[in-house]
Amino acid sequence: MFEFLSEHRQISTPRALKEVHFFDDEAAFATGHPDYGAYESLFRCDADAIVKMEATPVYMYWLPAVSRLAEYNPETKLILILRDPVERAISQWEMEFSRGTEPEVFEIAIEREREYLSRGQQHRVRSYIDRGFYGVQIRRLLRYFPLDHMLLLKRDDLLTEHQKTLRRVYDFLGVEEPVCLPLQRIVDSTEKRALLPGIQAGIREELRRVFVSDLQDVERLTGLDTGKWMGR
């Protein structure tokens, strides 16, 4: 999605990284006077741009980030791209294990995560399960932004309904629909994944039960159909 939107002449994106990590940077907010000018200087200066866009997924999860976003710009629009929380958890672990930031196999890693959560702590790496509770995070977002400032999409929408999804996003952002929409293509990560240990049999089914009530809450809050993720 970021790659497709960055091609739009009315959308300004960061010059270097799509994930800026400004609003979850504790050092940037330590004094209570964040340098918004430094943040805005990261974006390209495109003459036709009417929207600045970046893609830092942890903003949705990191507790102080949402209030900081709202203080910076209460008119911020949020595109939330959700996926099956079980597959999201495993994918995050695969990424962290490959990077060397997670030494444990998946089953032990999620036990370590529970230890952090039992102490009321968030952890950037060991948040495999907690980041999949979308309902909790959407409720937090709703304390600062109205629902019509959020566009909720499922990860597979760009694959199954490519043009329709892009049109929804253009309309949501208030930018022109291009004469020629970006062609559907897979944008592969350049990051290499290490050879990974296997996941124990039955772990997916166990985790699916963990997420059911939260996914039901997502449906109530947003109308998004999450039945497939619940195994319906």
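Predicted model: local features only at pLDDT ≥ 70, side-chain atom pairs only at ≥ 80, totals over all residues.
Arg 209 is exposed, because its relative accessibility is 61% and exposed means over 50% relative accessible area, buried under 20% and partly exposed in between (1.4 Å probe, protein chains only). Arg 209 is located in helix 9.

Residues are numbered from 1 along each chain as its sequence is written, and side-chain values use heavy atoms, with hydrogens and water left out.

## The form of helix 9

Helices (H or I, at least four residues) and strands (E, at least two) are DSSP runs, numbered from the N terminus. Helix 9 covers residues 203–222; its 20 residues reach 28 Å from the first C-alpha to the last, close to the 28 Å expected at 1.5 Å a residue. The expected span is 1.5 Å times one less than the number of residues.

At Val 212, helix 9 bends by about 45 degrees; the bend is the angle between axes fitted to the seven residues ending at a residue and the seven starting there. Just after the helix, Gly 223 has a positive phi of about 80 degrees.

The buried residues of helix 9 include Ile 203, Leu 207, Phe 211 and Leu 215. Their cover includes helix 4 (85–99), helix 5 (106–118) and helix 6 (134–142).

Two packed helices are described by the angle between their axes and the distance between the axes. For helix 6 and helix 9, the angle is about 35 degrees and the axes are 7 Å apart. Here axes are lines fitted to C-alpha atoms, for helices over the stretch in contact, and angles run from 0 to 180 degrees between N-to-C directions. Among the residues that meet are Tyr 134, Ile 138 and Leu 142 in helix 6, and Leu 215, Val 218 and Leu 221 in helix 9; contact means heavy atoms within 4.5 Å.

In helix 6 itself, the buried residues include Tyr 134, Gly 135 and Ile 138. Strand 3, strand 4 and helix 9 are among the elements that cover the buried residues of helix 6.

## Strands 3 and 4

Strand 3 (residues 78–82) and strand 4 run parallel and are joined by 5 bridges; two strands pair if DSSP finds at least two bridges between them. Leu 78 has Met 150 as its bridge partner in strand 4, and Leu 82 has Lys 154.

In a regular strand the side chains alternate between the two faces of the sheet. Strand 4 (residues 150–154) is mostly covered, with 4 of its 5 residues buried.

Leu 159, in helix 7 (residues 157–160), is partly exposed because its relative accessible area is 45%. Leaving aside neighbours within four places in sequence, Leu 159 is in contact with Gln 184 and Ile 186.

His 21 lies in the loop between strand 1 (11–12) and helix 2 (36–40). His 21 counts as partly exposed because its relative accessibility is 32%. Most residues other than glycine have a negative phi. His 21, although not a glycine, has a positive phi of about 60 degrees.
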